[in-house]
Amino acid sequence: MWVLMALMMMCAGVGLGAPDGGAAAGDGLGSLSSPNYNDALAKAIMFFEGQRSGRLPANQRVKWRGDSALNDGQAENVNLTGGYYDAGDNVKFGFPMAFSVTLLSWSAIEYRDEVAAASQLRYLRSAIQWGADFLLRAHTSPTTLYTQVGDGNADHQCWERPEDMDTPRTLYKITRSSPGSEAAGEAAAALAAAYLVFRDDRDKTFATQLLAASRSLFDFANNYRGSFQSSCPFYCSYSGFQDELLWASAWLYRATRDRKYLDFLQNNQGGSSNMFSWDNKYPGAQMLATQEYLAGRTELVGYKRGLDSFVCAVMPNSGNTQIRTTPGGLLFTSDSVNMQYTATATLLLFIYSKTLSSSGSGTVRCSGASFSPDQISSFAASQVDYILGDNPMGMSYMVGFSSKFPKRIHHRGSSIPSIKVLPRKVTCNEGFSSWLPTSAPNLNVHVGAIVGGPDGNDQFPDNRGDSTHSEPATYINAAFVGACAAALGQNHVQGHVDDIASVISSN
């Protein structure tokens with residue numbers, strides 16, 4: 001095993017950039033003892049290259065990965081290659097993948113200047129395009145959207161690299177006779193948001209495709225209403241589809257200014273949640289609609305009330321607080337992949353703070369307290385800092401950031417020797433017997449991966465078998481990208497970006 005680890009270090013791959021002074025490579029610290037947000041942002045985006053499915057491009061930076069799933073879709077004569085594996089397994093779930101694309105696009109829209117100042121805009125655009133390309137391919141007709149590639153149950157009975165994958169690549173789709181308005185609505189939102197990222201490009205071809213497909217998917221979701229069940233038991237929708245329809249219409253109104261999408265928002269106000277996730281989009285839709293309301297669309301006032309309720313639910317000591325924090329200060333909603341809810345709430349708080357400040361709209365009033373934009377953004381920044389190491393464990397929950405981070409993440413490709421080091425096939429059973437149970441650190445450092453996080457008492461066991469706390473997911477990182485960019489802009493401190501090879505070789 002130690003020979004393999006040494007070989008892995010040799011094929012670690014190119015870095016994100018050369019250190020330019022300041023903190024030592026890998027320590028994650030910037031000036032004034034604040035986290036190095038610049039480095040964290042770069043790594044959070046790079047994570048997506050390690051999750052890629054399909055034929056990898058020549059400029060792939062995560063060198064321990066190889067081509068995989070090159071025949072996806074072949075069983076029905078469609079091209080469903082590409083896209084992202086959602087977490088530590090080898091299935092492509094279109095519903096959470098689309099949500100990840102939406103969040104990445106939102107980050108690029110709201111924090112373009114901050115991402116560009118960190119020299120990460122081209123990488124963020126690449127991450128968005130990789131996911132959006134798959135969604136375009138998956139929408140094969142006006143009333144067809146492929147929503148999943150791979151048998152989730154069979155996949156979870158295997159512990160193998162994606163490059164060795166031999167489990168069934170079963171195809172799932174929604175149609176007019178078997179609808180899934182949540183999945184179609186989220187895909188519509190993703191492509192509309194991606195359109196806003198690419199619409200100013202000199203070549204308009206890609207942006208035109210994105211917007212046309214987004215409109216088509218919204219019509220599909222709205223005209224053939226039905227709840228999405230085909231991914232169950234893995235990504236079932238519990239919130240219904242109305243939140244996705246509102247979310248998609250809000251993005252399409254922002255992208256097109258077409259009155260029909262504004263009318264949809266106006267005529268369907270209602271719904272609320274204190275959690276923003278791949279399943280529940282109400283707070284996200286409320287955020288987009290509130291931005292329109294504060295810009296003069298007074299008919300959308302109901303959305304601001306809903307968003308204020310969300311803020312009061314998550315802010316400590318509001319008098320309406322519904323989401324507790326751990327003793328160390330982390331928003332804590334669930335002991336199951338909690339970090340996804342922390343990251344999404346943090347992104348919304350940052351965007352709302354920015355929106356309130358720019359519109360001069362004052363405070364958010366809760367029953368027991370009022371919160372200024374600065375107070376909201378300060379609390380949001382505390383969540384980013386917790387994730388990056390300001391916590392009772394004194395560790396970063398992002399792999400490869402700082403000197404202490406999760407070493408045994410629940411991730412098949414990261415835990416098994418790279419196919420470039422061990423070119424023979426590693427079978428399901430061999431993976432389960434030789435690589436899943438070992439207490440040794442993962443052989444491939446999955447730089448940028450943010451895991452499910454600590455328990456409600458701020459404890460983290462770093463156990464590969466504990467998927468609840470040790471598994472990364474695209475929708476965690478996607479939300480964190482925008483939150484980290486916001487923290488970077490608020491901090492006004494530029495830090496160096498680690499060389500990735502040095503991070504791997506030192507761990």
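Modeller: A charge sits over a ring if NZ of Lys or CZ of Arg is within 6 Å of the ring centre and within 35 degrees of the ring normal. The model is predicted: local features need pLDDT of at least 70, side-chain atom pairs count only at pLDDT 80 or more, and totals for chains, interfaces and linings use all residues. Residues are numbered from 1 along each chain as its sequence is written, and side-chain values use heavy atoms, with hydrogens and water left out.

Colleague: What makes the charged end of Arg-52 count as sitting over the ring of Trp-130?

Modeller: The charged end of Arg-52 is 4.5 Å from the centre of the Trp-130 ring, and the distance limit is 6 Å. Lys-354 likewise lies over the face of Tyr-111, at 4.8 Å from the ring centre.

Colleague: Why is the pair of Phe-95 and Phe-228 called edge-to-face?

Modeller: Rings of Phe, Tyr and Trp (its six-membered ring) pair if their centres lie within 6.5 Å; planes under 30 degrees apart count as stacked, over 60 as edge-to-face and the rest as tilted. The structure holds 19 aromatic pairs. In the pair of Phe-95 and Phe-228 the centres are 5.5 Å apart and the planes stand at 75°, so the pair is edge-to-face. Phe-95 lies in helix α3 (residues 94–110) and Phe-228 in the loop between α8 (205–223) and α9 (242–256), so the pair ties together parts 133 residues apart in sequence. Helices (H or I, at least four residues) and strands (E, at least two) are DSSP runs, numbered from the N terminus.

Colleague: Why is Arg-225 called partly exposed?

Modeller: Buried means under 20% relative accessible area, exposed over 50%, and partly exposed in between (1.4 Å probe, protein chains only). Arg-225 has a relative accessible area of 43%, so the residue is partly exposed. Arg-225 is found in the loop between α8 and α9. By contrast, Phe-95 and Phe-228 are buried.

Colleague: How do you know that the side chains of Arg-225 and Asn-222 make a polar contact?

Modeller: A polar contact is a pair of N or O atoms within 3.5 Å; within protein, one must be able to donate a hydrogen and the other to accept it, and residues adjacent in sequence count only if both atoms are side-chain atoms. The two side chains are listed at 2.6 Å.

Colleague: What makes β2 and strand β3 (residues 171–175) a pair?

Modeller: Two strands pair if DSSP finds at least two bridges between them. β2 and β3 have 5 bridges, in the antiparallel sense.
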